[in-house]
Each structure stands twice: as C-alpha cells, then as structure tokens.
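Here are a few exercises to work through with the coordinates open. Try each task before you read its solution.

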Amino acid sequence: MSSHGTQAKEPLLRMVKRDTLSPKKAWGIRAAAFILSLVTGGIVILCLGHNPINVYISMVKGAWGSSTVIHETVKIAVPLLITAIGISFAFKMKFWNIGGEGQILVGAVAAGAFGLFTAHIFPKLPLVLLMMLASIAAGGIYGLLPAVCKAKWGTNETLFTLMLNYIALAFIKYLMNGPWKAKGSSFPKIDMLVPGARLTKVLGVHWGWILALILVAAAYIYFNKTKQGYEIAVVGESNNTARYAGINVGKVFRRTMFISGALCGLVGMLQFAGADYTITEGTAGGVGFTAITVAWLAKMNPFGMLIVSVFIAMLERGSNAIQTQFKIPASASDLLIGIILFFMLGCEFFISYKLIRRGKEEHHA
Amino acid sequence: MLSTLNGLFIAAVLAGTPLLLGALGEILTEKSGNLNLGVEGMMFMGAITGLAGSYYYEQAVAAGGGSPNGFLSAAIALITSFLAGAGGALIYSFLTITLRANQNVTGLTLTIFGTGFGNFFGEYIGQQAGGYVAVSDVTKGAFSGLDIPVLSDIPVLGPLLFRYNWLVYFAVAAAVIMAWFFSRSRVGLNLRAVGEDPAAADAAGINITMYKYLATVIGGGICGIGGMYMSMVTTSGVWVHDCVSGYGWLAVALVIFATWSPARGMLVALIFGGLTIMRMYINIPGLPAQIYDMVPYVATIIVLVVTSMRESKEHAQPKSCGLNYFREER
C-alpha cells in the first residue's frame, strides 16, 4: 500500500501541537471560522440567485425588527436554551443523550394530564406547580431509563434515547387520535389549555425566559462549584479514572441523566402552558436536536449557551422572514446551522495544532 | 393466511432494503473505526439528489424534444445519490480524520445538515417546478418490480423472489460482496485491522488515513443510495417532506443487531422491514394504530438491551470505533 520511497521525504504540510494559544488568538480563529461559514452560506444563497447580504439583513430584521418578532425570537430561544442546558449535563459526562425531543414530549404530556383535566379543580398557582412537577418527573424518568441500562449493562445510549423519541411521538399521536381527542373535532387534535391556566406573560413573553436565565446561573454554579458537578467532569474525562477515584459511575449516570431529562421535560411544560397551549407532534419541533449543537458550540458553558441559543433562534425566526420575502424554504436555517457547526468543529483543530510548511523551521513560541 | 404471509414477506423485503443499504454503508464505515452518526443526513442527501438527478435529466431531454430513457434515468439517480452521500461522508471524514473533531458530534451535525439539505432542496426544486417535484412514468417504471423471463413466472417463488425492483437485488449483491470483502480479501482484512487497532495497523505499514477516508466515503455513498430508495421507491418518485424520517437511525441500530456482519444484516433488515409494515398485514384487535407504530422502536430497544447484557468478544464493535487516531499520541 504505502511506498517506502516517499517516507524519507518531508511531507508538504505537517502538524505540530501548539503549547497554548492566547485566548485572544483562539477567539480570533473562531471568529474567522464563523465568518467563513457565513460566506459559505452566502455562496449557497448566491447560487439560488439572491443577494446574500440582502438575505442576511432581512433575516436579522425578521428576528429583531419589531417588538412582535422579538417576542417570537425569545419564544424560540427559551426552549432551546433550557434544553441545551439539560443536554449539556449528559454531554459533559460523554453520555450522548439525543433523546431531548422525546423527553420534551413526555414532559408536555405529563403537564397536559394536569393542565387539561384538572384545571377546573385547582386554582392557577398550584396547577402550574403540579404541571411543573409532573413534567420534571416524566422527563426525568424518561431520561433515567437509558441511564439505568447504560450503568448496568453498558447499553448504547445514543440509540436508546433516540428510539424513545419515536415512541413518545407515536404516543402523542395516539393521544391525539384517541383518549385525548378534542370533543366535537373531526380532525385529530388535543384540546386547548383554558386561558386561566396559561403561564403569565412578563414583558410580552411567558415567564419561562426568567426561569431560563436562572437555570443558566444555576447550571454554571452546579458544574463549577459543586461536588456533583465535579463528578460529572471526571466521569466525562474517563470512566476508569472516576472509578479509581472512588466515584460510583453508575450513580452519577443515573442522577445526571435524571436532571438532564427533567430539564427537557420542563421545556415540554413551558411549550404546552406558555407557548402552544396544546400538544401536537410538533411540540418538540426539533429542539432536542438543535439544542445539541447549541450546547456543543458553547463548549457546555451555560453563559455561552445563552448567546448561542439566542443566535440560533434568530436564524430560525429569520428564516421564516426570508421564506415570505425571497421564497427561500425555511429549512434553510437547518442547512445554515449545519454549515456553521461544521466550521466551528473544524476550527478547533487550528487552535490546538499549527501547520508547518515543508522546509520551514519549527519556531517555538 | 398463506397469501397474507407472502404479502408480508414481499412488503418486508421492500421496506427492509433502504435499511439494509444504510446499515451496509455504516458497517463499512465502522469497520474503519469511524462511528458516523450522520446516516440519516446522508440518506436525506441521497434521497433528494437522486430524485433531482432523474428529474433534471427528464426535463433536459424533454426540452430537447426527446423522450427520456428509464435505464439512463435510474443510472443517473444511482450515481448522483452515491455522490451526495459520499460528499456528506467526505465532510465528516475531513473533520474527524484530518481535523480530529469529535466523531459523535460531527455525525450528529451531519444529520442536521443533511436533513436540512434534503428538505431545503426538496422544497426549493418543488417551488421551481410549480408545486412539487415528481418524476415521469418512465423513471417510475425503471424503479418498479422487474419482470424477469421464466424466473418471475415460477408459481409462488416467482413473486416471492424475482419480482422486486432492481435496487433490492443491488442491495443483496452489495451485502454478499461486502461479506466476501471483509473475510476473504487482503484489503478487507487490512481495513478490519485499521478499525480494531490503528496503531498496530500503522506499524504494519497500512496507510491508516487512506483506508479511513475510503471506507467512510464509500460507506456514505451506499447510505446515499439507501436514501434514494426512499424517494424513488417508497414514495414513488415524489418528494415528500421528511421522507427518510428515522430510517437512517434504524439503520444505525441494525448495524448493532447485525453484529457488524453484512450477511446477518440482510436477515435483520428483513425482520425490521417487516416490523415497520406489519400493521398493514396483521391486525391485532384492540391495538390502536399509533401504538402499533411503536413496535420497531420498542423492538430496537429490547434488542439493544439484550445484546448489551450478553456481550461477546467475537461479535463486538470494532475496538477503535468512535476514537480518532493520532499517530503522535501513540
């Protein structure tokens, strides 16, 4: 396969691990990658026969142009941010929870069980509390299931959590067509939540955004200042190291996945009681997947996730604007998010390594 | 009863073929030590490009005043879908092999990108075509069941074995060739060495980078063909929004059930193909349709848990799967 003759020759480019790069330079590389990804997206837009700068401007305007659209953008960012925080709990310990979608859905169903059927019994405050607790419990248990199997037998969690998404989706379709079907409706759908039980709006958006901001700070403290947060980091580095250090890895898996699923479940409740007021197959709407990219782009830092989720919400909201204005399909946001993430994944290499051309001496910084 | 079973078998083969193609692509990829979770995305990319390839070919021929050739149209769909899947896998390979990005996240990103790619261009081409994209009857004919002289007319066995569309035989042939390739060919054995222990393979003079790139890119191309099956056969040449809808992920799961063996892959794909369409053939009284729809996913979880409970060294994932190889950190 390989010819031995070429081995003596120095390769055209070789890579050397950098000692450390100053944070300023590292962010410069990331910014360059980000701009390159927008340029690549722009080329795609150009190939479709539109002016990329106009399209980008209309995207930004579509997301921030008026108070109505700002509310819509924040409404998209809230579930994204909380789900991303939830998923980062699992991802920090290298537990690939891609079941955020399903955990959101079961959370919404659990909240719906109280919101739709006990609204005439309880006053608003206890009802909202009940919905919250129910969604946290349901999402948590849905996340716990794969963690138990992973801890006990090493079952592949990626596929397990993913399959749970489809099961939750089928269950909601069943509720829509059967037991929870709205009375007198010929179309399979679930009743609306009565207005008295809907989440109160603060500054035009349901209070979920305040909760999201609190969770950002709480998650930061949990990850960096608590023993449990430290255990997550050690398990993420190496299961064996954690075991030698006396950490009960199975317990960490279970506890953390319960939190991860619970946060996603909470999102389901917020979507149900604060945004949609009903449950459909679209209640999760891909948030569980997009949140993965949010968490990763932010390097699992909750404050970073705040910025990234607002940015992604802008792309998603803005892609609706360009659909009406330029007739570019709204799936463009997925395409663009994919491109941006490819570039951000790739640029990390240039932060840890440098390339040296043939014949150039190696300079030590 | 017998005719129901025959019908179920035929439908299972038809529903299992895209799963088999996706799983074969992923087996080839994982044998090189790359865990590419982007199967769903690559299938989406193959689905839209295959459809678009045939569609634009037909448009071009019609504009020139000729009549499209079904065989040529099918060949174009095959090539474009392979290239699209391979292109997706090339992005993945460049990021994970050359730039050493995390395999899990890169694969998930490829799924998000590919899903967006498929739906975006599906809608866009539909808009241009004035509503939706659909291929003509000529191309549809090229993807319908074959009529092989003599063989197709054998009673019982004919419809059961010899009347499928050509992609079914293509998938089976790919599985057989791949099984031979892994166990009998020198290159296949080298590839397995790369996946099991890249450091040892590197020391033995095997070009790790080239093997990983080739296996991943060709594997991605095969996944792309599986996606093309979804848009050309399953939805009969019409673009349906979200048409792959989880088949790519089922294919990833099938790799585990097939214990990384292409030959067993055929059997598992048949079983799972059967599970996805069983609702139409076997009625269980009192079971709502939506609950019935859960069956393949519940079965996947059960098999996942059971296989993880009885771990065997012989039928395991290639040892280095999911880990990037850094020669300097050996």
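Predicted model: local features only at pLDDT ≥ 70, side-chain atom pairs only at ≥ 80, totals over all residues.

**Exercise 1.** Find what ipTM and pTM the predictor gives the complex, and what pLDDT chain B averages.

Solution. Start with the complex: its ipTM is 0.88 and its pTM is 0.89. Then turn to chain B, where the average pLDDT is 90.

**Exercise 2.** Describe the make-up of chain B and work out how its radius of gyration compares with the globule rule.

Solution. First count the elements: chain B has 14 helices and zero strands. The radius of gyration of chain B is 20 Å, close to the 20 Å that the globule rule gives for 330 residues, so the chain is as compact as a globular protein of that length. Next take the extents: the C-alpha trace of chain B spans about 60 × 50 × 40 Å along its principal axes. Now look inside: 50% of the 330 residues in chain B are buried. Last, consider contacts in chain B between residues at least 6 apart in sequence: 80% of them join residues at least 24 apart.

**Exercise 3.** Identify which residues of helix α8 in chain A are buried, and what covers them.

Solution. Locate α8 of chain A at residues 227-237; its buried residues are A:E231, A:I232 and A:V235. Seen down the axis of α8(A), these buried residues fall within an arc of 105°, so they line one face of the helix. Then look at the cover over them, which includes α3 (67-92), α9 (239-244) and α10 (249-276) of chain A.

Note on methods: Residues numbered from 1 in each chain as written. Chains lettered and ligands numbered in written order. Buried ≥ 20, exposed ≤ 12 C-beta atoms within 10 Å, placed from the backbone. Helix = DSSP H or I, 4+ residues; strand = E, 2+ residues; numbered from the N terminus. Arc of directions from axis to C-beta. Contact = placed C-beta atoms within 7 Å. pLDDT = per-residue confidence, 0-100. Rg over C-alpha atoms; globule rule 2.2 N^0.38 Å.
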